[in-house]
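Reader: I am new to this structure. Please show me how to read its features, one at a time.

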Amino acid sequence: MKRDAQSGGQGRQTVVIIKEKLVMKGKVVAVNISENKGEQKHSIEQGVFKQDHGLVGDAHAGKGLRQVSLLGQESIDKMNQNMVKGLCSGNFAENITTRGLVLYEIRVGTRIRIGQTVQEVTQIGKKCHDSGCAVMREVGSCIMPSEGIFTKVVQGGVVKPGDDIEVAE
């Protein structure tokens, strides 16, 4: 932004104000849904995310701070390399699988544009269920408690694989 200012009778002075933002970008790999709690999610072509609700039709949607869950494909790949082969999007009960972002380093309160939506990070990681999730029971370890994040939907819209993700801090 440019602004002209008077400089004590010595003519006009131009002041340039630059507001810098660090913008991190990633991509949506998959949108995942489950109709019942306690089961792995399956991928869908696109998801409709409703403000202050989450993914329409998902068992975990509703009021609250954990309306949407996100996990990086890089975290899933790490589990596949170190623990067990064949894990994929939705196995960790995440609604949105991402690529290109270190999700667990994004601060709580940060807003993220995902497809047509705007979501706000509300929690990093989570405590696993007492009996553990399906992945924990099967392989003895799960990354969602340490590398997954949760958001609430601030502005609703459609999200689909290939959509851009933009994090401005």
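Reader: How many bridges pair strand S10 with S11, and in which sense?

Author: Strands of a sheet pair through backbone hydrogen bonds, either parallel or antiparallel. Two strands pair if DSSP finds at least two bridges between them. Strands are DSSP runs of E, at least two residues long, numbered from the N terminus. Here strand S10 (residues 117-124) meets S11 over six bridges, in the antiparallel sense. Residues are numbered from 1 along each chain as its sequence is written, and side-chain values use heavy atoms, with hydrogens and water left out.

Reader: Which residues does strand S7 cover, and how does S7 pair with S11?

Author: Strand S7 covers residues 68-72 and pairs with strand S11 (residues 149-155) over three bridges, antiparallel. Leu 70 has Ile 149 of S11 as its bridge partner.

Reader: Is Thr 151 buried or exposed?

Author: Buried means under 20% relative accessible area, exposed over 50%, and partly exposed in between (1.4 Å probe, protein chains only). Thr 151 sits in strand S11. Thr 151 counts as buried because its relative accessibility is 0%.

Reader: What does Thr 151 touch?

Author: Contact means heavy atoms within 4.5 Å. Leaving out residues up to four places away in sequence, Thr 151 touches several residues, including Leu 65, Arg 66, Val 68, Leu 70 and Val 121. Gln 119 is also among them.

Reader: What lies over the face of Phe 150?

Author: A charge sits over a ring if NZ of Lys or CZ of Arg is within 6 Å of the ring centre and within 35 degrees of the ring normal. Arg 66 lies over the Phe 150 face, 4.8 Å from the ring centre.

Reader: What is the mean pLDDT of the protein chain?

Author: pLDDT is the predictor's confidence in each residue, from 0 to 100. The chain's mean is 80, and 68% of its residues reach 70 or more. Over residues 1-10 the pLDDT is below 50. Residues 13-18 are also below 50. Where pLDDT is low, the predicted coordinates should not be read in detail.

Methods: Helix = DSSP H or I, 4+ residues; strand = E, 2+ residues; numbered from the N terminus.
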